[in-house]
Amino acid sequence: MLMCKDLAAIASDYIDGELPVLQNMSVKMHLMMCRHCRTFIGNLRASTDLLQAHSSGQQNEELIRRIDERVAKALKEGPRNPTNRDP
Amino acid sequence: MTDSSRNNEAQLIQGMKAGENQSFQEAVRAYTPGMLAVARFYLDHSSAEEVVQDCWVKVIEAIRNFEGRSGLKTWLHRIVANGCKNRLRSANREVPTDFSESLEPELANRFNAKGRWDLPPKLQFHDSADTLMENGALSDCLDKHLSALPETQRSALILYEAHQHKSDDICNILDVSASNLRVLLHRARQKIFLMVETFQETGEC
C-alpha cells in the first residue's frame, strides 16, 4: 500500500503525468483518503506554477552588452562575404 | 509555440542568416538567459559566461546551416551544451551530481516511521501564482532560493519550468537520463515548496 512518504517521493511525476497507469491509480486512491497529501500535492503544484509565473533569469545586462559587442565586431570582421552567400 | 511566435522566429532566423546585427541583438537578449542556465549545469559562473559568449560568435557562421529541424532555442542550447562538454573534456572533469534520493531531507523528516505525515503541510496556498508573484518580497525570496539551488537542479528547473523545454530535449542538452532528470526536478521543486510554505507561515524568507 502506498504511504504518504512514498507519495511525496513521486509527487512531481504525478503532477507532470509521468507515472505508469497503475501507480497513477494508487496515488489517486490515496489522495481520496488523505487530506494531508491532497494539500501537499496542491501546494507543490502551486509552487511549480509560481516558478512558471516568475520571470526567472533576470537579464544579465553586462553579459548581454559584452556579447552584443563581440557579435557586432565579428559580423564586421568575419569571413562572411554577402556576395558569396547561398541564396 | 503559437503561429505568430513561429513567424517571429522564422524572421529572426532569416535576419541572422543575413548577418543583420539587429537580429543578433534581439536573439542575444531573448536566448542568453536560457543558454546560461544550460552552461551553469556544467560549469562555474565565469566559465559558463565565457562559453555562452563564444557560442554566440560561433552561431554567426553556424546559423547559415541551421535547417530548422528543431526550434532555434533547442538548437542554441545544444551548441552551448557541446561547448561546455568540450571544455570539461579538455579539463578532464565531470559534473558532480547526486541522483540517489528523490526526497529532500527536510521533507523526509516530516514523516513518521510508518511513512505517514508527522508534520503535514498546514496551510493551503490559496492565491494564484500571478497574485502571489505580485508580492515583491516573495518574488525576491524566490530569487534567493533559486540562486541557492545546486546548479544541476536549478538548470533542470529553469529549462523545464521557465523555458518550457520538453523532457527529451533537456535530457539531451544536459546529458542526463530521464529518471535522473525527474530526480533533479523533484528535488528542486520540493525546495521551492518548502520556501513558499515558510514564507506563507512566517512572512520570512
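Colleague: Happy to look at this predicted model with you. How far apart do the C-alpha centres of domain 1 and domain 2 of chain B lie?

Modeller: Those two centres are 27 Å apart. The domain assignment places domain 1 of chain B at 3-90 and domain 2 of chain B at 105-202.

Colleague: What makes up the contact between them, counting residues from domain 1 and domain 2 of chain B?

Modeller: Domain 1 of chain B contributes 10 residues and domain 2 of chain B contributes 11 residues. A pair counts when its C-beta atoms lie within 7 Å. On the domain 1 side, α2 (21-42) and α4 (72-90) of chain B each provide at least two residues. That side holds 4 nonpolar, 3 polar and 3 charged residues.

Colleague: Thanks! Now, what makes the phi of Q164(B) worth a remark?

Modeller: Q164(B) is not a glycine, yet its phi is positive, about 50°. Most residues other than glycine have a negative phi. You will find Q164(B) in the loop between α8 (151-162) and α9 (167-174) of chain B.

Colleague: And why is Q164(B) called exposed?

Modeller: Q164(B) has 10 other C-beta atoms within 10 Å, and exposed means 12 or fewer, so Q164(B) is exposed.

Colleague: Why does D175(B) count as partly exposed?

Modeller: D175(B) has 15 C-beta neighbours inside 10 Å. Exposed needs 12 or fewer and buried needs 20 or more, so D175(B), with 15, counts as partly exposed.

Note on methods
Residues numbered from 1 in each chain as written. Chains lettered and ligands numbered in written order. Predicted model: local features only at pLDDT ≥ 70, side-chain atom pairs only at ≥ 80, totals over all residues. Domains from an automatic or database assignment. Contact = placed C-beta atoms within 7 Å. Helix = DSSP H or I, 4+ residues; strand = E, 2+ residues; numbered from the N terminus. Nonpolar A, V, L, I, M, F, W, Y, C, P; charged D, E, K, R; others polar.
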